[in-house]
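The tour goes stop by stop, with something to select at each.

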Amino acid sequence: AEHYLAAWRERLQNRRTTVAVDNRGQLGKIAFNDDPADTRSAAAKDELAQRLLGTIVPLPVEPVGPGAVWEVITVLRQGPLFVRQTATYTLAAYTPTSWKIHVKLLRVAEEQTVVDPSLPKGATADLIALFRLLEGDVVIDPSRPHIASGTLTIESRLHTRLKLPGQAATEQFFEDLGSVTFSSPPSR
């Protein structure tokens, strides 16, 4: 968990942002208030966008009822990688103030060379494959884009190849399983 949070702390902690989200929950422009000229926030924007795309449920343009399914495909940066997210949402039930939605977020990255300045000089890294699935039932308030409550299970696999100067290439496999639980703060 500490490694996962390191990029968040480095790029996002203690920074004020403005994030445009339209009335359907579509993510728009991200601006950092401490960088009005936008000269040093590219990595932070990528970091924030990839996290928001996992916690916002964009609503479809057309009216929907129980059983409706909609899909949103986004290409994004996740750290130094280019990833394709296919998000599938199924409306299970609704009231005027809450919608129960089944969420399936699949992030996949195909083989690519990793450009990461933190690698030792002369080292090369290749992503062989990335698979990340978040799935579960959540509740949203249709007037707000963020997930209000629910749990998403996580299944994540990463396969990389690292070559250090003068050494044979080594392959590494990582697998993470877990869950993320969302809960809204009590009403005031």
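Select Asp46 and Arg77 to begin. Their side chains meet in a salt bridge, 3.3 Å from N to O. This pair links distant parts of the chain: Asp46 sits in helix H2 and Arg77 in strand E3, 31 residues apart. Keep in mind that you are looking at a predicted model. Now check the surface around the two partners. Asp46 is partly exposed, at 27% relative accessibility. Arg77 is partly exposed too, with a relative accessible area of 27%.

**Next stop: Glu47**

Stay in helix H2 and select Glu47 with Arg11. Here the side chains form a salt bridge of 3.2 Å, N to O. What does this pair tie together? Glu47 lies in helix H2 (residues 42-52) and Arg11 in helix H1 (residues 2-11), so the bridge connects parts that are 36 residues apart in sequence. Is Glu47 buried or exposed? Its relative accessibility is 4%, so Glu47 counts as buried. Arg11, at 25%, counts as partly exposed.

Arg51 counts as buried, at 16% relative accessibility. The cut-off for buried is under 20%, so Arg51 falls within it. Show Arg11, Glu47 and Arg51 together: they are linked in a network of salt bridges. In total, the structure holds 10 salt bridges.

**Next stop: the hairpin**

Select residues 17-21, strand E1, and residues 27-32, strand E2. The two strands run antiparallel and are joined by 4 bridges. Pick out Val21, then look across to E2 for its bridge partner, Leu27. Which residue in the turn has a positive phi? Select Gly25, where phi is about 90 degrees. E1 and E2 form a hairpin, with 5 residues between them.

**Next stop: the nonpolar cores**

Select Val57, Trp70, Tyr89, Ile101 and Val103. These have the most contacts inside the largest nonpolar core, which has 18 residues. Colour the strands that give two or more residues to this core: E3 (69-78), E4 (81-94), E5 (99-109), E7 (124-140) and E8 (147-163). E5 gives the most, with 4 residues.

Centre on Val57. Beyond its neighbours within four places in sequence, Val57 is in contact with Trp70, Tyr89, Ile101 and Val103, among others. The contacts of Val57 also include Arg24, Ile140, Pro145 and Ile147.

Then move to a second, separate core of 8 residues. Leu12, Phe32, Ala44 and Leu52 are among its members.

**Last stop: Leu130**

Select Leu130 in strand E7. Leu130 is buried, with a relative accessible area of 9%. What surrounds Leu130, leaving aside its neighbours within four places in sequence? Show Gln78, Leu81 and Val83, then Arg107, Val108 and Ala109, and finally Arg157 and Leu158; Leu130 is in contact with each of these.

How values were computed. Residues numbered from 1 in each chain as written. Predicted model: local features only at pLDDT ≥ 70, side-chain atom pairs only at ≥ 80, totals over all residues. Heavy atoms only, no water. Pairing = 2+ DSSP bridges. Core = buried A, V, L, I, M, F, W, Y, C linked by side-chain atoms within 4.5 Å. Buried < 20%, exposed > 50% of the residue type's maximum accessible area, 1.4 Å probe, protein only. Contact = heavy atoms within 4.5 Å. Salt bridge = Lys/Arg side-chain N within 4 Å of Asp/Glu carboxyl O.
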